[in-house]
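Subject: Structure handover

Hello,

Here is the structure for you to take over. Please open it first, then read the notes below.

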Amino acid sequence: MAEATAPEAPKNLSDPEVCTREAERILKENDRGGYTVPTPGLYPFQWNWDSCFVALGWATFDEVRAWQEIDSLFAAQWPDGMVPHIAFHREDPGYFPGPDVWGKAAIWGDRPAVATSGISDPPVAASIVLKLWQGARDRQQAGAAAQRLYPKLMAWHRWFHGARDPAADGMVAILHPWESGRDNSPDWDTALSRVPADGLPPFERRDLDKIDAAQRPRKEQYDRYLSLILTFRERGYDPEAIYAASAFKMVDVGTLAILLRADRDLRVLAEALGHQQDIPEFDRWIARGEDALERLWDEEAGSFRSFDLVSGTFADAITSASFLPLYAGGVKPERLIQMIEILDRWFATTAYPVPSFDPEDQRFDRLRYWRGPTWAIVNHMIAEGLSDCGYDDRAARIAEASARAIRQSGFWEYFDPITGQGLGGDDFTWTAAMWLAWARHFATEN
Ligand code: GLC
């Protein structure tokens, strides 16, 4: 079993120049030809939102390759617009659940080229495409890429607003914890415990061969992850049927905020690229998204929280996603003040914020996946939201802490928010990309 301790300042990463060369090396080494794996071994395929953040990293030194990353992701898009959370471009027995579990017949059917998972991921793509397009040095290439991607992005957004919001009231649901990208967040504990876990076929997890069990989800969660997949597979991933059948139906405050931001960003692209006919549709989505976000404000907690559509109650947790409405935009000033108060309290107890879970909650676990540790990509979105809302000081603090964790420990999947120790997978692509595209600009003198 791999030990959790990070090597002490490997390769002199305290020097930002060395760090930048190392980050570029990681992207190149994890490149499998048009797409980048999150980390060798643990995650040997293309992951949806990983690739989007990773494209920002590529863009700092290879724009052609940045656009390829997004193109390869959309090559896995389903005919109904859904963009799956994993594209299994090549076979690799080292990951569970692989394409055989998702069900080749249901998924490969009319698209023999790319095998995929059957659920989606937070839709950051449109916001990333807008950023790539705005920052591009090669304008012609960027214009062509944005035009090529626009209808695909639009189809994916239509899928979210249709398949996952049948009531058309903006309460867009996720049906599996993995769709949030925050796999075993305490946000899902109560809803997940409702998912039946009996009668499952025997299965063997592959993550525990590679990572210390203390840093990964527990068995009772894994059983339920699998049970949901089998429920969806039995129904051929038909959106209506799985929405009706799923015991897990959450409005994730993270996904909702990311979608609202992405709707706004795709609207900007629509106007710039001459798709004026779509503007009324965006305006409807944005108005609904704003209403739905409003419903996720829990007055009692003084925070945004995820919402359980089955029980009609708030998730019993304040997590890093509770700050993502800052990234969505439009948060009312009185709410902003309360959010900043919570953030400042978290700053006081964690030297490497933002922890993925409330450090004052008894269930806080600084080592375990999404129940305490800090992620650079979430930090990036929170910091962007803070800057948009006029809190540049807090945004810089988060960026500086992210840079410090990387220089101290290396390019890990996530970090202990108290010590900055690296955790999970090493040579992690999205952490390297976040250094290149963002955190390095905030690295301070030693
Ligand atoms: C884990 C994370 C998810 C990420 C994936 C690949 O499953 O929870 O957000 O996309 O790893 O890095």
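**The ligand and its surroundings**

Around the ligand are Pro 38, Tyr 43, Trp 47, Trp 49, Asp 50, Gly 181, Asp 183, Tyr 369, Trp 370, Phe 428 and Trp 430; a residue counts as near if one of its heavy atoms lies within 4 Å of the molecule. This is a predicted model, where local features need pLDDT of at least 70, side-chain atom pairs count only at pLDDT 80 or more, and totals for chains, interfaces and linings use all residues. Residues are numbered from 1 along each chain as its sequence is written, and side-chain values use heavy atoms, with hydrogens and water left out.

By type, the shell holds eight nonpolar residues, one polar and two charged. Here Ala, Val, Leu, Ile, Met, Phe, Trp, Tyr, Cys and Pro count as nonpolar, Asp, Glu, Lys and Arg as charged, and the others, Gly among them, as polar.

Asp 50 places a polar side-chain atom 2.6 Å from a ligand oxygen. For Asp 183 the distance to a ligand oxygen is 2.7 Å. For Tyr 43, a side-chain N or O atom is 3.3 Å from an oxygen of the ligand. On its own the ligand exposes 310 Å², and the protein buries 95% of that (Shrake-Rupley method, 1.4 Å probe).

The ligand sits in the largest cavity. A cavity is a set of points, on a 1 Å grid over the protein atoms alone, where a 1.4 Å probe fits but cannot get out. To sit there, more than half of a molecule's atoms must lie within 2 Å of the grid points.

**Aromatic pairs**

The whole structure has 28 aromatic pairs. Ring centres of Phe, Tyr or Trp (its six-membered ring) must lie within 6.5 Å. Phe 53 and Trp 430 form an edge-to-face pair (planes over 60 degrees apart). Their centres are 6.3 Å apart and their planes 80 degrees. Phe 53 is in helix α2 (residues 48–59) and Trp 430 in helix α17 (residues 429–437), 377 residues apart. Helices (H or I, at least four residues) and strands (E, at least two) are DSSP runs, numbered from the N terminus.

**Backbone points to check**

Phe 96 and Pro 97 are joined by a cis peptide bond, omega about 0 degrees. Pro 97 lies in the loop between β2 (86–88) and α4 (99–102). The bond from Pro 353 to Val 354 is also cis, with omega near 10 degrees. Val 354 is in the loop between α14 (333–349) and α15 (376–388). Tyr 237, a non-glycine residue, has a positive phi near 60 degrees.

Best regards

Technical notes:
A polar contact is a pair of N or O atoms within 3.5 Å; within protein, one must be able to donate a hydrogen and the other to accept it, and residues adjacent in sequence count only if both atoms are side-chain atoms. On a 1 Å grid over the protein atoms alone, a cavity is a set of points where a 1.4 Å probe fits but cannot get out, and a pocket is an open set with protein on both sides within 12 Å along at least five of seven lines; lining residues have an atom within 4 Å of a point. Rings of Phe, Tyr and Trp (its six-membered ring) pair if their centres lie within 6.5 Å; planes under 30 degrees apart count as stacked, over 60 as edge-to-face and the rest as tilted.
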